[in-house]
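Here is a short tour for anyone who likes to see the criteria next to the numbers. Please have a look at the model first.

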Amino acid sequence: MTKKLFDPLNAKMVSAALDSPSRFHVEVLDSCESTSTLLLDRAHKDGASGSVVACERQTAGRGRRGRSWLSAPGDSLTFSLMWRFPVGMPPPTGLSLAAGVAVARALEGMEAAGVRLKWPNDILADGVKLGGILVETVSSGGRHIAVIGIGLNVRLSREIADAIDNEAGALVSVMPYVPSRNLLLANLLKALAVMLDEFEHNGFAGFVEEWLARNAHTGQLVSIHAEGAAPVEGRCAGVDADGALLLDTGSGVRRIVSGEVSLRNK
Ligand code: ATP
(Lines give C-alpha, C1' and ligand atoms only; values in the text may rest on other atoms or scores of the structure.)
Protein backbone atom coordinates (compact mmCIF):
# COMPACT_ATOMS: atom_id res chain seq x y z
CA MET A 1 0.00 0.00 0.00
CA THR A 2 1.32 3.47 -0.85
CA LYS A 3 1.78 5.92 2.02
CA LYS A 4 -0.63 8.89 2.12
CA LEU A 5 1.16 12.13 1.30
CA PHE A 6 1.04 15.13 3.60
CA ASP A 7 0.95 17.63 0.71
CA PRO A 8 -0.56 15.77 -2.27
CA LEU A 9 -0.53 17.27 -5.75
CA ASN A 10 -3.98 18.16 -6.95
CA ALA A 11 -4.72 19.33 -10.51
CA LYS A 12 -7.76 21.42 -9.50
CA MET A 13 -5.81 23.26 -6.82
CA VAL A 14 -3.00 24.02 -9.26
CA SER A 15 -5.45 25.31 -11.90
CA ALA A 16 -7.29 27.43 -9.32
CA ALA A 17 -4.03 29.21 -8.48
CA LEU A 18 -3.22 30.10 -12.11
CA ASP A 19 -3.92 33.57 -13.59
CA SER A 20 -4.94 32.15 -16.95
CA PRO A 21 -5.97 28.55 -16.32
CA SER A 22 -7.21 28.18 -19.89
CA ARG A 23 -3.60 28.23 -21.18
CA PHE A 24 -2.84 25.00 -19.34
CA HIS A 25 -4.33 21.59 -18.93
CA VAL A 26 -2.97 20.22 -15.69
CA GLU A 27 -2.97 16.53 -14.94
CA VAL A 28 -1.58 14.83 -11.85
CA LEU A 29 -0.50 11.21 -11.95
CA ASP A 30 0.33 9.04 -9.01
CA SER A 31 2.97 7.17 -10.95
CA CYS A 32 4.55 7.13 -14.40
CA GLU A 33 7.90 6.38 -15.99
CA SER A 34 8.69 9.97 -16.88
CA THR A 35 6.41 12.97 -17.38
CA SER A 36 8.57 14.11 -20.33
CA THR A 37 8.42 10.71 -22.04
CA LEU A 38 4.66 10.79 -21.70
CA LEU A 39 4.30 14.30 -23.14
CA LEU A 40 6.79 13.66 -25.95
CA ASP A 41 4.59 10.78 -26.99
CA ARG A 42 1.54 13.07 -26.91
CA ALA A 43 3.43 15.78 -28.83
CA HIS A 44 3.55 13.37 -31.77
CA LYS A 45 -0.17 12.69 -31.41
CA ASP A 46 -1.66 16.20 -31.46
CA GLY A 47 -1.55 16.65 -27.66
CA ALA A 48 -2.65 20.18 -26.72
CA SER A 49 -0.15 22.99 -26.19
CA GLY A 50 -0.09 23.85 -22.49
CA SER A 51 -0.49 20.22 -21.40
CA VAL A 52 1.11 19.76 -18.01
CA VAL A 53 1.75 16.43 -16.34
CA ALA A 54 2.97 16.33 -12.75
CA CYS A 55 3.72 13.03 -11.13
CA GLU A 56 4.29 11.88 -7.56
CA ARG A 57 6.39 8.82 -8.42
CA GLN A 58 8.54 8.78 -11.53
CA THR A 59 9.98 5.33 -12.02
CA ALA A 60 12.40 6.43 -14.76
CA GLY A 61 12.87 10.20 -14.33
CA ARG A 62 15.38 11.43 -16.90
CA GLY A 63 18.13 14.02 -17.05
CA ARG A 64 20.28 14.72 -20.08
CA ARG A 65 22.17 11.97 -21.91
CA GLY A 66 20.18 9.17 -20.34
CA ARG A 67 21.12 10.19 -16.78
CA SER A 68 18.50 9.63 -14.11
CA TRP A 69 16.59 12.14 -12.05
CA LEU A 70 15.84 10.82 -8.57
CA SER A 71 12.86 11.97 -6.56
CA ALA A 72 10.76 10.83 -3.64
CA PRO A 73 6.96 11.18 -3.43
CA GLY A 74 5.93 14.28 -1.50
CA ASP A 75 9.50 15.60 -1.28
CA SER A 76 9.94 16.81 -4.81
CA LEU A 77 8.08 18.42 -7.65
CA THR A 78 8.51 16.71 -11.00
CA PHE A 79 6.48 17.86 -13.96
CA SER A 80 6.63 18.54 -17.70
CA LEU A 81 4.96 21.11 -19.91
CA MET A 82 4.34 20.72 -23.63
CA TRP A 83 4.39 23.92 -25.70
CA ARG A 84 3.71 24.31 -29.42
CA PHE A 85 5.52 27.29 -30.96
CA PRO A 86 3.94 29.19 -33.86
CA VAL A 87 4.37 27.86 -37.39
CA GLY A 88 7.53 29.26 -38.99
CA MET A 89 9.28 30.10 -35.71
CA PRO A 90 12.97 29.02 -35.80
CA PRO A 91 14.11 26.16 -33.56
CA PRO A 92 13.88 27.27 -29.90
CA THR A 93 17.63 27.50 -29.31
CA GLY A 94 18.49 28.43 -25.73
CA LEU A 95 15.05 27.48 -24.41
CA SER A 96 16.58 25.40 -21.63
CA LEU A 97 18.44 28.49 -20.34
CA ALA A 98 15.34 30.68 -20.68
CA ALA A 99 13.41 28.06 -18.68
CA GLY A 100 16.12 28.37 -16.01
CA VAL A 101 15.48 32.12 -15.85
CA ALA A 102 11.73 31.45 -15.51
CA VAL A 103 12.30 28.99 -12.66
CA ALA A 104 14.66 31.44 -10.93
CA ARG A 105 12.15 34.29 -11.31
CA ALA A 106 9.39 32.11 -9.81
CA LEU A 107 11.53 30.90 -6.89
CA GLU A 108 12.82 34.39 -6.16
CA GLY A 109 9.17 35.61 -6.24
CA MET A 110 8.63 33.14 -3.38
CA GLU A 111 11.65 34.60 -1.55
CA ALA A 112 14.16 31.88 -2.37
CA ALA A 113 17.66 33.18 -1.65
CA GLY A 114 20.76 32.86 -3.80
CA VAL A 115 19.26 31.04 -6.78
CA ARG A 116 21.94 30.52 -9.44
CA LEU A 117 21.97 28.93 -12.87
CA LYS A 118 24.56 26.45 -14.04
CA TRP A 119 24.99 26.18 -17.78
CA PRO A 120 23.09 24.72 -19.46
CA ASN A 121 20.28 23.36 -17.32
CA ASP A 122 20.75 23.25 -13.56
CA ILE A 123 19.19 25.27 -10.77
CA LEU A 124 21.58 25.81 -7.87
CA ALA A 125 21.66 27.58 -4.53
CA ASP A 126 24.60 27.67 -2.11
CA GLY A 127 26.60 25.81 -4.75
CA VAL A 128 24.41 22.70 -4.73
CA LYS A 129 21.84 21.44 -7.21
CA LEU A 130 18.21 22.08 -6.26
CA GLY A 131 16.74 21.18 -9.60
CA GLY A 132 17.25 20.31 -13.21
CA ILE A 133 15.60 21.20 -16.48
CA LEU A 134 15.39 18.97 -19.51
CA VAL A 135 14.13 20.51 -22.74
CA GLU A 136 13.37 18.16 -25.60
CA THR A 137 11.94 19.28 -28.93
CA VAL A 138 10.18 17.64 -31.82
CA SER A 139 8.75 19.21 -34.94
CA SER A 140 5.48 18.48 -36.62
CA GLY A 141 3.33 20.36 -39.15
CA GLY A 142 5.98 23.06 -39.63
CA ARG A 143 6.16 23.98 -35.97
CA HIS A 144 8.50 23.18 -33.13
CA ILE A 145 7.09 21.58 -30.01
CA ALA A 146 9.02 21.69 -26.76
CA VAL A 147 8.59 19.46 -23.76
CA ILE A 148 10.08 21.21 -20.75
CA GLY A 149 10.71 18.79 -17.90
CA ILE A 150 11.51 20.18 -14.46
CA GLY A 151 12.54 18.39 -11.29
CA LEU A 152 12.92 20.37 -8.06
CA ASN A 153 13.85 19.09 -4.63
CA VAL A 154 11.47 20.53 -2.08
CA ARG A 155 13.01 18.47 0.70
CA LEU A 156 15.77 15.93 0.38
CA SER A 157 15.73 12.69 2.33
CA ARG A 158 19.05 11.15 3.35
CA GLU A 159 18.21 8.14 1.19
CA ILE A 160 17.81 10.21 -1.99
CA ALA A 161 20.77 12.49 -1.16
CA ASP A 162 22.99 9.41 -0.74
CA ALA A 163 21.82 7.97 -4.05
CA ILE A 164 22.71 11.14 -6.01
CA ASP A 165 26.24 11.18 -7.39
CA ASN A 166 26.74 14.92 -6.80
CA GLU A 167 25.90 17.41 -4.05
CA ALA A 168 22.20 18.18 -3.96
CA GLY A 169 20.12 20.64 -2.00
CA ALA A 170 16.47 21.47 -1.48
CA LEU A 171 14.12 24.45 -1.43
CA VAL A 172 13.51 24.15 2.32
CA SER A 173 17.08 25.29 2.89
CA VAL A 174 16.78 28.47 0.82
CA MET A 175 13.18 29.60 1.34
CA PRO A 176 11.83 31.09 4.56
CA TYR A 177 8.54 29.32 3.92
CA VAL A 178 7.96 26.71 1.24
CA PRO A 179 4.43 26.93 -0.14
CA SER A 180 2.39 23.83 -0.92
CA ARG A 181 3.64 21.98 -3.99
CA ASN A 182 0.36 22.91 -5.76
CA LEU A 183 1.10 26.61 -5.30
CA LEU A 184 4.75 26.05 -6.19
CA LEU A 185 3.69 24.38 -9.44
CA ALA A 186 1.15 27.12 -10.25
CA ASN A 187 3.79 29.83 -9.69
CA LEU A 188 6.29 27.97 -11.87
CA LEU A 189 3.69 27.59 -14.64
CA LYS A 190 2.85 31.31 -14.49
CA ALA A 191 6.54 32.17 -14.86
CA LEU A 192 6.96 29.65 -17.68
CA ALA A 193 3.99 31.15 -19.58
CA VAL A 194 5.48 34.66 -19.29
CA MET A 195 8.86 33.32 -20.42
CA LEU A 196 7.36 31.45 -23.38
CA ASP A 197 5.53 34.58 -24.57
CA GLU A 198 8.76 36.57 -24.37
CA PHE A 199 10.70 33.75 -26.01
CA GLU A 200 8.31 33.65 -28.98
CA HIS A 201 9.15 37.29 -29.68
CA ASN A 202 12.85 37.59 -28.87
CA GLY A 203 14.24 34.07 -28.44
CA PHE A 204 16.93 33.59 -25.81
CA ALA A 205 18.49 36.97 -26.70
CA GLY A 206 15.91 38.67 -24.46
CA PHE A 207 17.05 36.59 -21.45
CA VAL A 208 20.84 36.83 -21.75
CA GLU A 209 21.23 39.65 -19.18
CA GLU A 210 19.01 37.92 -16.64
CA TRP A 211 20.77 34.60 -17.16
CA LEU A 212 24.20 36.20 -16.74
CA ALA A 213 23.09 37.95 -13.55
CA ARG A 214 22.48 34.48 -12.04
CA ASN A 215 25.38 32.64 -13.68
CA ALA A 216 26.88 30.38 -11.00
CA HIS A 217 30.30 30.34 -12.70
CA THR A 218 30.98 33.92 -13.86
CA GLY A 219 34.73 34.31 -14.35
CA GLN A 220 35.47 30.93 -12.75
CA LEU A 221 37.86 28.33 -14.07
CA VAL A 222 35.75 25.41 -15.35
CA SER A 223 36.20 22.37 -17.53
CA ILE A 224 33.89 21.09 -20.22
CA HIS A 225 33.52 17.36 -20.58
CA ALA A 226 32.26 15.50 -23.59
CA GLU A 227 32.30 11.75 -23.96
CA GLY A 228 35.28 10.46 -25.89
CA ALA A 229 37.07 13.84 -25.94
CA ALA A 230 39.69 15.47 -23.73
CA PRO A 231 38.19 18.08 -21.34
CA VAL A 232 38.48 21.70 -22.41
CA GLU A 233 39.42 24.18 -19.69
CA GLY A 234 38.88 27.89 -19.48
CA ARG A 235 37.19 30.74 -17.65
CA CYS A 236 33.45 31.04 -17.92
CA ALA A 237 32.91 34.21 -19.96
CA GLY A 238 29.13 34.03 -20.16
CA VAL A 239 26.68 32.91 -22.82
CA ASP A 240 25.68 34.24 -26.24
CA ALA A 241 22.27 35.02 -27.70
CA ASP A 242 21.84 31.34 -28.71
CA GLY A 243 22.58 30.09 -25.20
CA ALA A 244 26.04 28.77 -26.13
CA LEU A 245 28.64 28.93 -23.35
CA LEU A 246 31.56 31.28 -23.94
CA LEU A 247 34.77 29.79 -22.63
CA ASP A 248 37.89 31.93 -22.43
CA THR A 249 40.67 29.37 -22.96
CA GLY A 250 43.50 31.92 -22.76
CA SER A 251 44.09 31.58 -26.48
CA GLY A 252 40.68 32.89 -27.50
CA VAL A 253 37.02 32.54 -26.62
CA ARG A 254 35.48 29.20 -27.56
CA ARG A 255 31.77 28.80 -28.12
CA ILE A 256 30.42 25.60 -26.55
CA VAL A 257 26.98 24.40 -27.54
CA SER A 258 25.09 22.27 -25.03
CA GLY A 259 23.76 18.85 -25.92
CA GLU A 260 26.41 16.35 -25.09
CA VAL A 261 28.67 18.30 -22.76
CA SER A 262 28.85 18.89 -19.03
CA LEU A 263 30.44 21.77 -17.10
CA ARG A 264 32.48 21.10 -13.96
CA ASN A 265 34.29 23.28 -11.46
CA LYS A 266 38.07 23.15 -11.63
P1 ATP B 1 25.61 18.06 -14.83
O2 ATP B 1 25.03 18.43 -13.50
O3 ATP B 1 26.93 17.37 -14.77
O4 ATP B 1 25.57 19.21 -15.83
P5 ATP B 1 23.53 17.04 -16.31
O6 ATP B 1 23.08 18.44 -16.52
O7 ATP B 1 23.90 16.24 -17.48
O8 ATP B 1 24.71 16.97 -15.32
P9 ATP B 1 20.92 16.49 -15.49
O10 ATP B 1 20.43 16.05 -16.78
O11 ATP B 1 20.56 17.87 -15.05
O12 ATP B 1 22.47 16.31 -15.43
O13 ATP B 1 20.42 15.52 -14.31
C14 ATP B 1 20.94 14.24 -14.07
C15 ATP B 1 21.98 14.28 -12.97
O16 ATP B 1 21.52 15.08 -11.86
C17 ATP B 1 22.22 12.93 -12.37
O18 ATP B 1 23.22 12.24 -13.06
C19 ATP B 1 22.63 13.22 -10.92
O20 ATP B 1 24.00 13.56 -10.86
C21 ATP B 1 21.87 14.47 -10.62
N22 ATP B 1 20.60 14.25 -9.89
C23 ATP B 1 19.70 13.25 -10.03
N24 ATP B 1 18.65 13.43 -9.22
C25 ATP B 1 18.88 14.59 -8.55
C26 ATP B 1 18.17 15.33 -7.56
N27 ATP B 1 16.99 14.95 -7.10
N28 ATP B 1 18.74 16.47 -7.10
C29 ATP B 1 19.93 16.91 -7.53
N30 ATP B 1 20.65 16.25 -8.47
C31 ATP B 1 20.14 15.11 -8.97
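What follows covers a pocket and its lining, then some salt bridges.

This is a predicted model, in which local features need pLDDT of at least 70 and side-chain atom pairs count only at pLDDT 80 or more, while totals for chains, interfaces and linings use all residues. Residues are numbered from 1 along each chain as its sequence is written, and side-chain values use heavy atoms, with hydrogens and water left out.

**The largest pocket**

The largest pocket has a volume of about 950 Å³. A pocket here is an open set of points on a 1 Å grid over the protein atoms alone, where a 1.4 Å probe fits, with protein on both sides within 12 Å along at least five of seven lines; lining residues have an atom within 4 Å of a point. The volume is the space filled by probe spheres set on the points.

The lining has 48 residues, and R67, K118, D122, K129 and N166 lie nearest the pocket centre. By class, the lining holds 16 nonpolar, 20 polar and 12 charged residues; Asp, Glu, Lys and Arg count as charged, Ala, Val, Leu, Ile, Met, Phe, Trp, Tyr, Cys and Pro as nonpolar, and the others, Gly among them, as polar. Strand β6 gives the most, with five residues. Elements that supply at least two residues each include α2 (35–43) and β12 (261–265). Helices (H or I, at least four residues) and strands (E, at least two) are DSSP runs, numbered from the N terminus.

**Salt bridges**

Side chains of opposite charge can pair when their charged atoms come close. The structure holds 19 salt bridges, each a side-chain nitrogen of Lys or Arg within 4 Å of a carboxyl oxygen of Asp or Glu. Three of them are listed here.

| Pair | N to O distance |
|---|---|
| E56 and R181 | 3.0 Å |
| D165 and R67 | 3.8 Å |
| E210 and R105 | 2.5 Å |

E56 sits in strand β2 and R181 in helix α5, so their bridge ties together parts 125 residues apart in sequence. E56 is buried at 5% relative accessibility, and R181 is buried at 0% (buried means under 20% relative accessible area, exposed over 50%, partly exposed in between, with a 1.4 Å probe and protein chains only).

D165, in the loop between α4 and α5, and R67, in the loop between β2 and β3, are 98 residues apart. D165 is exposed at 65%, whereas R67 is partly exposed at 41%.

E210 lies in helix α6 and R105 in helix α3, so this pair joins parts 105 residues apart in sequence. Through shared partners, salt bridges link R105, E108, E198, E210 and R214 into one network.
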